[in-house]
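This report walks through a protein model for someone who has not seen it before. Please keep the sequence and the structure in view while reading.

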Amino acid sequence: MRQHVAIFTTASLPWMTGTSVNPLFRAAYLVGHGHGDREVTLVIPWLSLSDQVLVYPNGVTFDSPPEQESFVRRWIEERVDFKPEFEIKFYPAKFSTELRSIIPVGDITDCIPDEEVDVAVLEEPEHLNWYHHGRKWKHKFRRVIGVVHTNYLEYVKREKNGKIIALFLRYMNSWVTRIYCHKIIRLSAATQDLPRSIVCNVHGVNPKFLEVGRAKCAQLQRGEAAFKKGAYYIGKMVWNKGYKELLDLLSKHEDELDGLQLDLFGSGEDSDAVRQTAEKLQLLVKVHPGRDHADKLFHDYKVFLNPSTTDVVCTTTAEALAMGKIVICANHPSNEFFKQFPNCRIYNDESEFVKLTVAAISDEPAPMTEDVLRKLSWEAATERFIKVAKLDKDYTYTETKPASLRSPKLKRRMEEASAYVHQCLSGVEVARRAFGAVPKSLYPDEQLCRELGLTVPNNHSKLSFKWD
């Protein structure tokens, strides 16, 4: 019997965020390139139009889930060299302007029928479960794997009363991942330590970046000038993505950097502030709107500067390395995976940043070999994921009891009691609001039900998903 894998994630295209893109590639590669022994369903959030306009860029919106599904499929099929045969389903969701995040609404485990419950992959398991009120994941699925994408603690520490909020959030994340997941994969040690977790980067890069890297390698081997531009950085333009650190470094060491010119690319709520700060400091910095990193505009840049320490594993750093560029980044757990690559140069302090940056401008990158490029690929990332998630183990219906029921009796009872407490709290509107949930997000409203084709019984006890 073929293994069923359901991948739940917290965002979807056209929102170009890591939790939109990486789970999509994971779904594609789990059914492609020799992994066709699985049936994969990607479960993504559906937002009503009023929320879509707050989230999706460039005015892109959808009238129905099938329309958005066509967009998502077209995007992934343009980027891989095979036709990925996976299913897409939608769960009801709302956008929280306060959290700047998409929050699930109702019991999203209902998206998957009981006949297809071998493995659930929860992309951002803490985020998916903060307000989860419904069937317990480990009761429904035989194996529940969480993949931690975001360093939430680092973000909240920068807010007002951040240390207190981070302390509470650390406990909440540990609580919900313990009661709902069998195994947690942390992309790097930059995230908080969680129960039953392992550190492994199970993400790859868009194959288009590897194509650029191969082309640049061929140019270098022919003795051609492969990189005709200097330094740049690309990322969501919010201060905590490294922009503050970068402008501080450039301002303090402007003379030592010998007139370094830098291009910044990104869109976000701090775009105007970043531009104004660069102008006020009179730096040789140009600020541009965000663009797709695969755009030809970026191919000729030689140096990628990234001082950010809020990422778990920075996608744009991996993409820059794949394109054959020199990358300069901080000695931080989020960059541990990148240390193995010859073009990654790590600095420990400001003086090292200056020294490495000046040298990089005059140096040529080392040509990327096929072995090095493969380590950045989704093929290699999928192999790592299958290994650490133990997907090669048989999780079919021959197992009569979920793993949670085979654990020691006392431990099982404590975990069940803990899950019961969370279920009780997450089912009370006042408690949900106190912890930051979107108002009236316990069950889908009439509009979400109509758009998703949901039938809602009068008592709201269960939802029936009808979109196919």
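Pro-14 sits in the loop that runs between strand E1 (3–8) and helix H1 (18–31). In this model, which is predicted, the peptide bond between Leu-13 and Pro-14 is cis, with omega at about 15 degrees.

Lys-390 is not a glycine, yet its phi is positive, at about 60 degrees. Lys-390 belongs to the loop between helix H14 (378–389) and helix H15 (409–426). With 46% relative accessibility, Lys-390 counts as partly exposed. Lys-440, again a residue other than glycine, has a positive phi near 55 degrees. The loop that holds Lys-440 lies between helix H16 (429–434) and helix H17 (446–452). Lys-440 has a relative accessible area of 67% and is therefore exposed, the cut-off being over 50%.

**The protein as a whole**

The elements named so far belong to a set of 17 helices and 14 strands. How does the radius of gyration of the protein, which has 468 residues, agree with that of a compact globule? A compact globule with 468 residues would have a radius of gyration near 23 Å, and the protein has 23 Å, so the two agree. The C-alpha trace spans about 70 × 50 × 45 Å along its principal axes.

Of the 468 residues, 57% are buried. The protein exposes about 20,600 Å², and 52% of this area is supplied by carbon and sulfur atoms. Among contacts between residues at least 6 apart in sequence, 69% join residues that are at least 24 apart.

**Charges and salt bridges**

Side chains of opposite charge can pair when their charged atoms come close. How many salt bridges are there, counting a side-chain nitrogen of Lys or Arg within 4 Å of a carboxyl oxygen of Asp or Glu? The count comes to 24 salt bridges.

| Asp-114 | Lys-140 | 3.6 Å |

Asp-114 is in the loop between strand E4 (101–104) and strand E5 (119–123), while Lys-140 is in helix H5 (residues 137–140), so the pair ties together parts that are 26 residues apart in sequence.

Glu-224 is partly exposed at 37% relative accessibility, and Arg-222 is exposed, with a relative accessible area of 53%.

Asp-295 has a relative accessible area of 26% and is partly exposed. Arg-291 also counts as partly exposed, at 44% relative accessibility.

Salt bridges can also be linked to one another in this model: Glu-78, Arg-79 and Asp-292 form a network of them.

Cys-217 is part of helix H8 (residues 207–221). Cys-217 counts as buried because its relative accessibility is 10%, and buried means under 20%. Which residues does Cys-217 touch, leaving aside those up to four places away in sequence? They are Pro-367 and Met-368. Between Cys-217 and Ile-346 there are 22 Å in space, C-alpha to C-alpha, and the two are 129 residues apart in sequence.

Glu-211 also has its place in helix H8. At 46% relative accessibility, Glu-211 counts as partly exposed, whereas Cys-217 is buried. The C-alpha atoms of Glu-211 and Asn-151 are separated by 30 Å, and these two residues are 60 apart along the chain.

Terms used. Residues are numbered from 1 along each chain as its sequence is written. This is a predicted model: local features need pLDDT of at least 70, side-chain atom pairs count only at pLDDT 80 or more; totals for chains, interfaces and linings use all residues. Side-chain values use heavy atoms; hydrogens and water are left out. Helices (H or I, at least four residues) and strands (E, at least two) are DSSP runs, numbered from the N terminus. The radius of gyration is taken over C-alpha atoms; the globule rule is 2.2 Å times the number of residues to the power 0.38. Buried means under 20% relative accessible area, exposed over 50%, partly exposed in between (1.4 Å probe, protein chains only). Contact means heavy atoms within 4.5 Å. Accessible areas come from the Shrake-Rupley method with a 1.4 Å probe; for residues, only the protein chains shown count as cover.
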